[in-house]
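Have the sequence and the 3D view open as you read along.

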Amino acid sequence: MPKDRPELPPVEELLTAAVTAVGGVERPGQVKMAQAVRDAVESEEHLAVQAGTGTGKSLAYLVPAIRHAAESKKAVVVSTATIALQRQLVDRDLPRLADALEGLLPHRPEFAILKGRRNYLCRHKTAAGMPEDEDDQLFDPREVSATGRMVQRIQDWADETETGDRDEIVPGVSDQAWRQFSVTARECLGAQRCPSGADCFAELARERAGEADVVVTNHALLAIDAMEDFAVLPEHDVVVVDEAHELADRVTSVVTGELSEATVSLAVRRAGRLVEQGVADRLQEAGEDLRALLGAAPPGRVDTLPQSLGLTLSLVRDAAFACITALGPRNKDKDDPENAGLRKAAFTVLDDVHDTAQRMLDAFGPAAGGTGTGLSADDSDDPDSRASDSGSSGTRSSGTRSSGTRSSGTGAAASGGPTGRAGGDAEAEEIHRAEVVWLEEGRGRVPPTLRVAPLSVGGMLRDKLFGDRTVVLTSATLALGGTFDSLARQWGLRPGEWTGLDVGSPFDHPRRGILYVATHLPQPGRDGLPEAYVDEIAELIEAAGGRTLGLFSSMRAAKAATEALRERLDVPLLCQGDDATGQLVKQFAGDPATCLFGTLSLWQGVDVPGPSLTLVIIDRIPFPRPDDPLASARQRHVAAKGGNGFMAVAATHAALLLAQGAGRLLRSMDDRGVVAVLDPRLATARYSGFLLNSLPPYWRTTDPGKVREALRRLTADL
Ligand code: SF4
């Protein structure tokens with residue numbers, strides 16, 4: 001051990017102290033996990049640990065993490081997918097751990113939470129130093145007054161808050177209201193230039209994080225820190241990714257770019273105050289062309305670039321470039337914060353519009369993308385344009401630059417090439433495809449939106465996240481089909497670069513739970529919930545006396561089941577959307593007779609120990625929808641490369657969600673119950689082995705009589 005490293009108690013001793021202090025019981029899986037995390041940190045080898053519910057996995061990684069921070073004097077970053085887990089760590093686990101370990105370590109462990117810049121109140125913008133973006137005149141008057149009330153609440157809170165953290169505002173406020181008080185990292189003036197820089201909430205949060213042993217953040221900010229060439233998180237060499245099964249999806253969201261008439265209009269409004277009318281008008285016209293085109297096009301994946309879309313994207317890109325040029329040098333107003341704020345806000349959205357249009361063209365291959373000439377991002381005369389100062393850290397609103405080149409030129413698309421890759425056959429084209437473009441239908445005030453996302457984020461994660469730090473990935477669900485390989489592939493990890501460990505679960509699954517597959521039912525159809533499914537659900541709920549969480553693969557099915565069963569059953573039936581989800585879960589947990597039906601967020605977000613949750617019903621295997629653009633494109637891409645697209649994408653997605661859904665049943669050592677899957681394919685399809693191997697090892701049956709009997713017995717005992 002290097003001389004300057006303090007002698008610290010071993011991980012096992014610290015864990016015992018921590019478990020005793022929180023009044024828990026030390027479990028073999030927890031000790032095994034803590035030792036494995038310690039070994040990974042020491043050997044600098046990435047580790048994936050599956051730890052079932054009840055293992056106490058947060059202590060199992062926090063204890064070795066805190067020990068490493070005390071020894072190395074560097075922070076350890078812990079990243080989560082959900083705010084609920086962030087809260088649990090910061091409000092419950094870490095304060096108790098700090099108390100427990102204080103006397104055993106050289107200093108009391110310090111911890112902090114760090115979010116993206118847009119989550120903190122911007123004092124400069126609040127003092128009206130920057131433009132308000134909203135096109136209020138287009139709003140429905142009811143929405144305007146609701147937004148107005150939220151704005152007033154934010155203003156009142158702004159006078160009192162000590163952290164500026166949006167999550168303090170209860171009840172929460174809409175994005176639209178919040179945007180008037182916050183900036184993205186790229187819009188921020190930078191602490192050096194900003195008149196409010198010394199009191200900036202985001203800067204203060206960063207400062208606190210810089211002094212902490214453990215910094216809790218989210219997957220999005222972790223990804224931005226890894227991918228950008230400026231640091232967002234404090235210096236660290238170890239990251240723990242909890243809820244790691246969500247990592248690839250969260251990173252994909254961060255790097256998904258979007259373009260719509262609304263984005264272009266925002267750019268026009270911001271640029272319109274600063275450039276000549278004719279230049280802004282050109283962008284407005286391009287935005288109108290985009291609106292007309294997207295409004296008339298069918299939603300879904302865009303596999304080849306239609307000539308009209310190629311032309312419009314080129315027009316948008318070039319018009320945005322003209323505005324950027326007309327704005328002049330980026331650091332022109334460095335001594336005039338008010339103007340600098342306006343210009344920075346304009347540059348940010350114009351850069352996004354330009355880069356996203358270019359990225360979309362590039363997605364169809366070099367012939368569509370155009371070679372372009374002109375300003376590259378790094379050619380800009382502003383050394384600050386790459387957000388090199390400390391004030392420019394945080395989230396980027398959408399996408400990443402596909403290349404550093406900023407193009408004003410004309411490519412094949414602009415000159416009318418009908419498809420992206422000239423002359424290439426479809427398969428070769430598919431193999432080389434790196435990104436997928438799709439059109440999302442407009443909803444309410446949200447116009448039709450074109451999106452672009454990478455087919456895989458594995459390469460990006462491998463280079464940027466796993467490259468220069470040790471990463472511990474953990475979740476209750478990492479082994480799909482019995483191995484970690486599917487998720488390791490999504491993360492871009494190759495064999496030999498990581499170790500996998502399943503520490504199991506303290507629950508006795510075969511004795512405490514039954515997995516029932518209703519093989520006598522027909523396969524689920526495309527047209528809603530079959531009548532036989534409704535009958536089966538009714539019988540199961542009657543046998544359980546309520547106590548049921550219904551996990552449906554679509555909101556339509558959840559609503560149909562609720563409607564049909566409210567007439568037939570005497571137990572209270574709640575459906576997601578009736579009220580805020582948190583409120584519904586509370587009601588469900590508080591009354592054993594109550595049932596709760598819903599879709600995606602309930603599959604992963606319900607933690608109800610005790611008799612209120614005795615039966616989990618799953619209506620069908622949750623494959624991605626066939627028209628899911630990203631999943632279908634990924635599937636096709638794997639197939640073009642000779643792999644099994646269905647297993648690599650659709651079955652993997654379904655296995656993960658099924659395992660999460662089935663995991664809702666046992667949440668404490670005393671829990672017992674049934675997971676009922678109505679879709680018979682779980683027992684009969686050729687891929688069923690893979691799915692079944694992904695689930696907790698419940699006792700299995702296909703006999704409806706046995707299950708109803710078991711439910712009656714269980715509820716009689718409660
Ligand atoms: S430094 Fe940036 S985030 Fe902070 S107050 Fe100034 S503009 Fe707002």
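## The chain as a whole

Helices here are DSSP runs of H or I with at least four residues, strands are runs of E with at least two, and both are numbered from the N terminus. Counted that way, the protein chain of this predicted model has 28 helices and 18 strands.

The protein chain is 718 residues long, and 55% of them count as buried. Its exposed surface comes to about 30,000 Å², with 49% supplied by carbon and sulfur atoms. Take the contacts between residues at least 6 apart in sequence: 79% of these join residues at least 24 apart.

## Around the ligand

Now to the ligand, which takes up the space of the second largest cavity. Around the ligand you will find R117, C122, R123, H124, V183, C188, L189, C194, S196 and C200. Sorted by class, this shell holds 6 nonpolar, 2 polar and 2 charged residues.

## A look at T449

Strand 9 covers residues 449-454, and T449 belongs to it. Is T449 buried or exposed? T449 is buried, because its relative accessible area is 6%, and buried means under 20%.

Which residues does T449 touch, leaving aside those up to four places away in sequence? The partners are E258, L259 and S260, together with W438, L439 and E440.

Notes
Residues numbered from 1 in each chain as written. Predicted model: local features only at pLDDT ≥ 70, side-chain atom pairs only at ≥ 80, totals over all residues. Heavy atoms only, no water. Near = heavy atom within 4 Å. 1 Å grid on protein atoms, 1.4 Å probe; cavity = no way out; pocket = protein on both sides within 12 Å on 5 of 7 lines; lining within 4 Å. Sits in = over half its atoms within 2 Å of the grid points. Nonpolar A, V, L, I, M, F, W, Y, C, P; charged D, E, K, R; others polar. Buried < 20%, exposed > 50% of the residue type's maximum accessible area, 1.4 Å probe, protein only. Contact = heavy atoms within 4.5 Å. Areas by Shrake-Rupley, 256 points an atom, 1.4 Å probe, with all protein chains shown as cover.
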